[in-house]
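Dear colleague,

Please find below the structure I am handing over to you. My notes on it follow directly after.

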Amino acid sequence: MRTPLRPLSRRGLLTGTLGSAALLAAGGGLAGCGTKGAQQTEAGCVSEDLSGAEKKLAFSNWPQYMDVDEKDESKRPSLDEFVARSGIQVTYTEDINDNNEFFGKVQNQLAGCRSIDRDIIVLSDWMAARMIRLGWVQELDAAKIPNVRANLLPSLLNRSFDAENRISIPWQSGLAGLAYNGSVTGELRTVDELLTRPDLKGRVTALSEMRDTMGLLLGANGHDPSNFTAAQFDDALHKLKRAVDSGQIRRFTGNDYAPELARGDIAACIGWSGDVIQLSAANDKVRFVAPESGVMLYSDDMVVPNKATHRGNAEALINYYYEPAVAAKLAAYVNYICPVQGAQAEMEKIDPELATNPLIFPDDALLAKSTVFMALDEKQEKEYEGKFQQVIGA
C-alpha cells in the first residue's frame, strides 16, 4: 500500500513510514502562545444554518490529512463517497499549516463575529480549547452526530475543555512518550531514568513543546496532567530544571532530535512516534516507550466556527467519518491513531498489517495510561509557558 508523506504535524513535523508493531507507543505536542482575542457568546454572535437550502460545505484541513487515490490524486475516496451519498458538495482546502499562524489569520473576523468562509476547521486540541474559551465556535447537535457518542475512543471522551463532546470532535489522534537507541544504551523505562541515569548524562534531549515535556514530568511526579495545580506544575518544573542544570539534558528540540537519535549521538529523549517509527524501519534498536506513569494523548479536532452557515452539513460529515468503515479507510492513508472504535476490525479487511499497528490502534492498556493535557485559560497559558521557556533557555 502507499506510504503517505507526512504533513506538517499539528505538534511538530512528523515524517516517515510505519514500522513494526513491536513498538510500544506514541507521538506529538505543540504549545500555544497567548494571543488576545475578543470574547464572544452564543447569544451575542448568532449563526444562521442554511444547510436545508444549501447542500454545500467548506472544509479546511492540514496538508496530507485526507486519503487520496493512488492513481489520481485529485480524487479523495472517502470524501467523494460522502458527496455521492449525501449530495453535499464539499470545497476541501489544505490551508492550515500551523495553529498559531491560522489563529492569526482568522482572529479579527472571529473576534468581530464575522464569517471566515469555512464550515469545518481542524485544529490541535489546545487551540480548539482556546477557540472554545473565546466563544468562537458553535455547539453541535448531539442528535445529529450519534456515531461520535457511539464510537469515539473512551480516552477522548469527557475532555476538560469539552466535557460532553459537543463542540470539538477528534479527527485523528496521537501520543507522546520516551524513545531510546538500544545500539548505544540499555533499555529505558521511566521519565526519572531519562532525567537522572548517569550513563545518559549529556546524551538526552527533551521537547521544546511544553504540553509534551511537562505533561510527562507531571505524570512521573504522580500528578494528573489533565488536572493539576500551579504548585504541582512548579514541582515538575523544578525536576526538569535540575536535569538541565546538571547537564543531563543536552538541549530541547523540535523533531530535529530524530537524526541524532538514529545516529546514536543522543541515547534517549522525549519524542514523537512519527519520528521514531520511521527510524525503527532502518534500525529496530530504536524503540518507543510508554512509561508506567503515562503518556500524553493529543488530538486534532474538527470545530464549526461562528458564522459558518452550514452547521447541519458539517454535522453530517462528522457523523460520516465516525462510521468505522470510513474511519478505517482514512486511517489506512494518514496512519495516525484512529479515534473511532470499530475501525480496527474494518482495517483488517483493508490491510491486516496496519490493523495490528499500535500507532494506529493502541491497545486498551496503553490508552488507559494516556492523558490529555489540561485546558489552560489565558492567564495560565502565559504563566506556564513563561516559566517553561525560562528553564529551557528559549
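This is a predicted model: local features need pLDDT of at least 70, side-chain atom pairs count only at pLDDT 80 or more; totals for chains, interfaces and linings use all residues.

Cysteines

A search of the whole structure finds one disulfide. The bond runs between Cys45 and Cys113, with an S to S distance of 2.0 Å. The angle about the S-S bond is 100 degrees, and the link of Cys45 and Cys113 is right-handed. Distant parts of the chain are linked by this pair, whose members are 68 residues apart. Cys45 belongs to the segment before β1 (56-60), while Cys113 lies in the loop between α2 (99-111) and β3 (120-124). Cys45 and Cys113 are both buried.

Two further cysteines may be of interest to you. Cys269 has a relative accessible area of 0% and is therefore buried, since buried means under 20%. Cys338 also counts as buried, because its relative accessibility is 3%.

Helices α1 and α10

Helix α1 covers residues 77-86 and helix α10 residues 311-321; their axes come within 11 Å and cross at roughly 125 degrees. The crossing of α1 and α10 is right-handed.

On the α1 side, the contact involves Ser78, Leu79, Glu81, Phe82 and Arg85. These residues meet Asn313, Ala316, Leu317, Tyr320 and Tyr321 in α10. By class, the contact of α1 with α10 comprises six nonpolar, two polar and two charged residues.

With kind regards

Key: Residues are numbered from 1 along each chain as its sequence is written. Side-chain values use heavy atoms; hydrogens and water are left out. Axes are lines fitted to C-alpha atoms, for helices over the stretch in contact, and angles run from 0 to 180 degrees between N-to-C directions. Helices (H or I, at least four residues) and strands (E, at least two) are DSSP runs, numbered from the N terminus. A crossing is left-handed if the near helix is turned anticlockwise from the far one by less than a right angle, and right-handed if clockwise. Contact means heavy atoms within 4.5 Å. Ala, Val, Leu, Ile, Met, Phe, Trp, Tyr, Cys and Pro count as nonpolar, Asp, Glu, Lys and Arg as charged, and the others, Gly among them, as polar. A disulfide is a pair of cysteine sulfur atoms within 2.5 Å. Buried means under 20% relative accessible area, exposed over 50%, partly exposed in between (1.4 Å probe, protein chains only).
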